[in-house]
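I would like to see how the chains are arranged before turning to the details.

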2 protein chains.
Amino acid sequence: MSRASYRRTTPAVVGCQETQEETLSTSERAVTITQVAALAGVSTGTASKALNGRGALRPETRQRVQQAAEQLGFVANAAARSLQTGRTYTVGMITTDSIGRFSIPLLIGAEDALGAGQMSVFLCDARDDPIREQYYLRTLLSRKVDGIIVTGRRTQARAPIGVGLPVPVVYAFISSADPRDCSVVPDEADGARRAVQHLLAIGRRRIAHVTGPEHHHSATVRATAAVDTLAAEGLRPAAPILYGEWSEAWGRQAAGILLSTGADVDAVFCGSDQIARGLAEGLQSAGREIPRDVALVGFDNWDVMVDGCRPALTSVDMDLEGIGRSAAELLLSAINGEPVQGKRARPCRLVPRASTAV
Amino acid sequence: MSRASYRRTTPAVVGCQETQEETLSTSERAVTITQVAALAGVSTGTASKALNGRGALRPETRQRVQQAAEQLGFVANAAARSLQTGRTYTVGMITTDSIGRFSIPLLIGAEDALGAGQMSVFLCDARDDPIREQYYLRTLLSRKVDGIIVTGRRTQARAPIGVGLPVPVVYAFISSADPRDCSVVPDEADGARRAVQHLLAIGRRRIAHVTGPEHHHSATVRATAAVDTLAAEGLRPAAPILYGEWSEAWGRQAAGILLSTGADVDAVFCGSDQIARGLAEGLQSAGREIPRDVALVGFDNWDVMVDGCRPALTSVDMDLEGIGRSAAELLLSAINGEPVQGKRARPCRLVPRASTAV
DNA sequence: CATCTCAAGGAAAACGATTGCCTAGAAGCT
DNA sequence: AGCTTCTAGGCAATCGTTTTCCTTGAGATG
């Protein structure tokens with residue numbers, strides 16, 4: 001029994017034993033810069049300078065300190081450092097509605113841009129609750145984050161999260177109602193335009209639009225842009241805009257509506273991939289073939305939907321990761337004293353797939 | 001011009017002006033406990049005691065200090081506090097593979113359990129890169145987090161993230177290869193058992209199993225449990241286990257295989273919702289009706305899949321949020337000096353829907 | 001009246017790093 | 001040789017809290 005458990009403990013660290021022993025196995029009491037300094041035979045101030053590449057030190061001394069630090073597995077205490085320097089190399093990210101499909105790419109993009117600068121991200125999920133939001137805001141301020149990124153699913157403008165905050169704030173995906181705040185949003189009108197132009201380019205002229213709820217900002221923006229793009233070609237939508245929900249069920253239902261009204265349609269631009277997928281199923285079960293009879297474009301470029309759909313769905317990609325990255329970069333420049341004001345809209349990208357392949 | 005910009009500044013804070021002015025608009029220089037103490041006419045030590053409910057103070061004094069803090073919008077500097085107390089009220093969460101569909105519920109659950117204790121979460125996405133992982137580990141240690149949660153998509157055991165770390169670690173969803181580490185995982189065998197028992201309960205006897213890649217731990221565990229559960233009833237799978245990918249495409253393909261081999265099947269338990277959905281489509285386009293001819297159970301209970309599927313898909317829910325919560329609770333108790341060792345498997349839950357409604 | 005005992009609050013030492021200022025040699029110059 | 005000028009590195013203040021003693025004065029007790 002004891003033999004067995006002994007055996008089991010060993011292989012776990014095999015292969016990385018050396019490095020781990022050097023770097024991370026200094027169990028329990030953390031090692032401070034004072035110990036490093038003592039081992040290197042210098043004062044703590046000198047040790048600090050050596051490790052941070054500051055001050056005037058002989059290269060030899062610098063190296064001796066670094067070696068000592070290495071040997072002891074020294075990692076500077078971030079709290080002590082930030083107390084002194086006022087910087088925490090940390091940013092907060094508050095998602096106003098739940099963390100989900102949209103927040104993740106934003107987070108990844110932001111992490112990318114920040115990680116290069118060695119900054120970490122505090123993720124806070126306010127779950128659409130203003131109380132939670134303010135609570136998290138206080139927490140972040142107490143932790144003296146260097147900056148805050150605010151995100152949310154709705155692309156509609158929201159009330160600023162606070163006024164006169166001591167740290168810079170950038171809004172990503174969602175935008176602030178205060179035009180002086182810095183916001184990075186997708187240019188949804190651009191996305192809709194690209195979708196319609198693509199359909200026009202493959203020769204479709206009788207184009208309908210099915211989308212989400214009319215009270216949803218994204219739905220109306222995309223619809224307006226779609227109509228405008230058609231108008232620029234002297235066309236009108238092949239059917240009245242169909243507003244509903246962001247679901248497959250609505251897409252299927254919408255297919256029924258389109259077919260029953262006898263509208264002559266050779267393409268549908270959908271407000272989301274889910275709607276498009278539902279619509280595809282609805283049309284197919286009524287005998288329509290995609291893309292031969294009806295071409296289809298979705299919105300979001302959500303992998304499981306565009307790949308799950310048959311045929312694979314052409315879609316508009318808002319480049320959420322790029323938005324996250326861009327927001328983080330703007331935040332960084334604000335942190336470094338060069339604040340940027342105003343809203344930036346980033347273009348979308350059309351990803352053509354089988355559902356519009358002629 | 002200046003008039004216009006003056007005007008613009010006002011409406012932004014309308015509606016929340018009072019509260020915000022009190023709490024968050026103290027722009028620029030942060031207020032320290034020393035200022036609070038001065039305003040209340042006490043020493044900083046006393047102020048600290050007043051705000052933290054420690055020491056022996058007249059209630060009146062306590063209140064005076066609290067009022068002063070309120071008035072100045074004081075928020076304690078977390079760095080200074082943690083430097084003194086050694087606690088940061090922060091935990092790190094490292095996802096070994098990318099943050100995704102599985103990590104989010106885990107994170108939400110963990111945040112739930114931790115948020116109650118006023119702790120915040122550092123989220124780190126190691127993206128399947130051991131270098132990044134070790135880098136993040138160092139960062140977290142430098143930030144002196146109180147504990148670390150490690151998650152990942154594979155439910156297979158992984159090498160411990162470090163040995164002899166100065167902070168407690170809990171593995172969530174994924175488990176550590178070292179049996180002494182604390183891991184919280186779903187009892188996937190339990191889930192598979194429930195799925196099969198449900199199919200048996202509705203009277204099906206010729207049950208097949210279609211799942212993901214054979215080298216994937218989850219796939220084999222679920223398959224084994226399914227076979228065992230059938231065996232307990234004196235049954236065998238209605239067809240050889242079909243291993244493939246975790247995709248709808250594979251589900252559709254598997255439908256073809258099942259049909260072409262002429263296997264006599266009245267139910268299929270699928271290793272994932274995506275496979276189940278693909279299978280549903282495949283069977284339906286071959287004229288089979290669900291659940292009349294073939295009943296279907298998926299795995300994951302992923303909302304967009306179970307709802308998008310027609311008919312709605314019965315599925316096994318691993319309660320990821322519960323796993324996240326449970327992991328966080330175990331981490332908290334370890335932080336409080338009561339470490340728990342070993343692996344904990346949490347039961348799954350079957351969510352019946354139309355695909356098995358008789 | 002002299003002590004003793006508390007209650008209430010102050011003073012100051014941590015915590016661990018950074019950084020500006022200072023000093024002791026060594027080197028360069030006349 | 002005597003002066004200045006660097007160079008390398010030490011000293012100590014500092015960041016904002018918390019916490020451990022102390023001190024003070026008031027009331028209780030003998």
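The paragraphs below go from the pair of chains to the DNA strands, then to the sheets, and finally to some details of the backbone.

This is a predicted model, in which local features need pLDDT of at least 70 and side-chain atom pairs count only at pLDDT 80 or more, while totals for chains, interfaces and linings use all residues. Residues are numbered from 1 along each chain as its sequence is written, and chains are lettered from A and ligands numbered from 1 in the order in which they are written.

We begin with the two protein chains. Two copies of a chain are related by a rotation about an axis and a shift along it.

The contact between the chains takes 48 residues from chain A and 48 residues from chain B; two residues are in contact if their C-beta atoms, placed from the backbone, lie within 7 Å. Of the interface residues of chain B, 98% are also interface residues in chain A, so the copies meet through the same surface. On the side of chain B that touches chain A, helix 6, helix 7 (103-115), strand 2 (120-125) and helix 8 (130-142) of chain B each supply at least two residues; helices (H or I, at least four residues) and strands (E, at least two) are DSSP runs, numbered from the N terminus. That side of chain B divides into 26 nonpolar, 13 polar and nine charged residues, where Ala, Val, Leu, Ile, Met, Phe, Trp, Tyr, Cys and Pro count as nonpolar, Asp, Glu, Lys and Arg as charged, and the others, Gly among them, as polar.

Next come the DNA strands. Of the 29 residues around DNA strand C, Thr32(A), Gly45(A), Ala80(A), Gly45(B) and Thr46(B) come nearest, a residue being near a strand if its C-beta atom, placed from the backbone, lies within 6 Å of it. The largest share of the surface near DNA strand C, six residues, is given by helix 4 of chain A, and the residues of this surface divide into nine nonpolar, 16 polar and four charged. Around DNA strand D there are 29 residues, of which Gly45(A), Thr46(A), Ile33(B), Gly45(B) and Ala80(B) come nearest. For DNA strand D the largest share of the surface, again six residues, comes from helix 4 of chain B.

In chain A, helix 3 and helix 4 pack at an angle of about 95 degrees, with their axes 8 Å apart; axes are lines fitted to C-alpha atoms, for helices over the stretch in contact, and angles run from 0 to 180 degrees between N-to-C directions. Helix 3 and helix 4 of chain A are therefore roughly perpendicular to each other, a description that covers angles of 65 to 115 degrees. From helix 3 of chain A, Ile33(A), Thr34(A), Val36(A), Ala37(A) and Ala40(A) meet Thr44(A), Thr46(A), Ala47(A) and Ser48(A) of helix 4.

We now turn to the sheets. Chain A has an open sheet of six strands in the order 9-8-10-11-12-14, with mixed pairing, and two strands pair if DSSP finds at least two bridges between them. Strand 9 (242-243) and strand 14 (349-351) of chain A stand at the edges, each with a single partner strand, so one side of each is left without a neighbour in the sheet. Within this sheet, strand 11 (residues 295-299) and strand 12 (residues 314-317) of chain A run parallel and are joined by three bridges, and the bridge partner of Val297(A) in strand 12 is Thr314(A). Helix 10 (residues 217-232) of chain A lies across strand 8 (207-211), strand 9, strand 10 (267-270) and strand 11 of chain A, at about 175 degrees to strand 8.

Chain B likewise has an open sheet of six strands, with the order 9-8-10-11-12-14 and mixed pairing. In chain B, three bridges join strand 10 (residues 267-270) to strand 11 (residues 295-299), and these two strands run parallel.

The peptide bond from Ile290(A) to Pro291(A) is cis, with omega near 5 degrees, and Pro291(A) is found in the loop between helix 12 (273-285) and strand 11 of chain A. In chain B, a cis peptide bond joins Ile290(B) and Pro291(B), with omega about 5 degrees. Asp319(A), although it is not a glycine, has a positive phi of about 55 degrees, and lies in the loop between strand 12 and helix 14 (320-335) of chain A.

How values were computed. Angles under 35 degrees count as roughly parallel, over 145 as roughly antiparallel, 65 to 115 as roughly perpendicular and the rest as oblique.
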